[in-house]
Amino acid sequence: ELEDHLLELFEVNHRPTPTFGLTWRTPTSGKLVYSCDTEPISAVWERAESANLLIHECNTFEISEQSGHSTLSQLLPLCRRVRCPVVLVHLSPSENEAAVRHMLEVEFGGRVSLGQDHLRLEVGNV
């Protein structure tokens, strides 16, 4: 705890390397959840249910699972469950990116989006 900021580190699943997610809570901006490199796990999504913003790792748009990482097909059902905005990061370059951006816009109306280099967000105004 640092003045009115509360930081929580929690374990995520990035086998075999130990990795942590982060929850950052402030009285003015609300709650940010950041997943880091991980497979989809309940520890992230439970925290996101009361969050103002979730930033989640999405290593690939492909269907095949990758140990220690999340794929778009794994994340979509989870994104439907939470109400907060979700930004997907840690993306590998893909020729399908424009199609994925369009699909996310149609399905989620901008609530779920792809991150990009130098993206700046204000948690309370997302």
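This is a predicted model: local features need pLDDT of at least 70, side-chain atom pairs count only at pLDDT 80 or more; totals for chains, interfaces and linings use all residues.

Q: OK, how do strand 2 and strand 3 run, parallel or antiparallel?
A: Antiparallel, with 5 bridges joining strand 2 (residues 19-26) to strand 3 (residues 30-34). Within that pairing, Thr 23 has Val 33 in strand 3 as its bridge partner.

Q: What joins strand 2 to strand 3?
A: A hairpin, through 3 residues.

Q: And how many bridges pair strand 3 with strand 4?
A: There are 3, and here the sense is parallel; strand 4 covers residues 53-57. Tyr 34 stands opposite Ile 55 of strand 4.

Q: Which helix goes with strand 3 and strand 4 in the β-α-β unit?
A: That's helix 1, residues 42-48, and the unit is right-handed.

Q: Switching to helices: at what angle do helix 2 and helix 3 cross?
A: At roughly 20 degrees, with the axes of helix 2 (residues 72-81) and helix 3 (residues 97-108) coming within 12 Å. Because angles under 35 degrees count as roughly parallel, helix 2 is roughly parallel to helix 3.

Q: Is that crossing left-handed or right-handed?
A: The crossing of helix 2 and helix 3 is right-handed.

Q: Which residues meet there?
A: Helix 2 brings Leu 72, Leu 76, Cys 79 and Arg 80, and they meet Val 100, Met 103, Leu 104, Glu 107 and Phe 108 of helix 3. By class, the contact residues of helix 2 with helix 3 are 7 nonpolar, no polar and 2 charged.

Definitions and conventions
Residues are numbered from 1 along each chain as its sequence is written. Side-chain values use heavy atoms; hydrogens and water are left out. Two strands pair if DSSP finds at least two bridges between them. Helices (H or I, at least four residues) and strands (E, at least two) are DSSP runs, numbered from the N terminus. A crossover is right-handed if, with the strands pointing away from the viewer, the path from the first strand over the helix to the second runs clockwise. Axes are lines fitted to C-alpha atoms, for helices over the stretch in contact, and angles run from 0 to 180 degrees between N-to-C directions. Angles under 35 degrees count as roughly parallel, over 145 as roughly antiparallel, 65 to 115 as roughly perpendicular and the rest as oblique. A crossing is left-handed if the near helix is turned anticlockwise from the far one by less than a right angle, and right-handed if clockwise. Contact means heavy atoms within 4.5 Å. Ala, Val, Leu, Ile, Met, Phe, Trp, Tyr, Cys and Pro count as nonpolar, Asp, Glu, Lys and Arg as charged, and the others, Gly among them, as polar.
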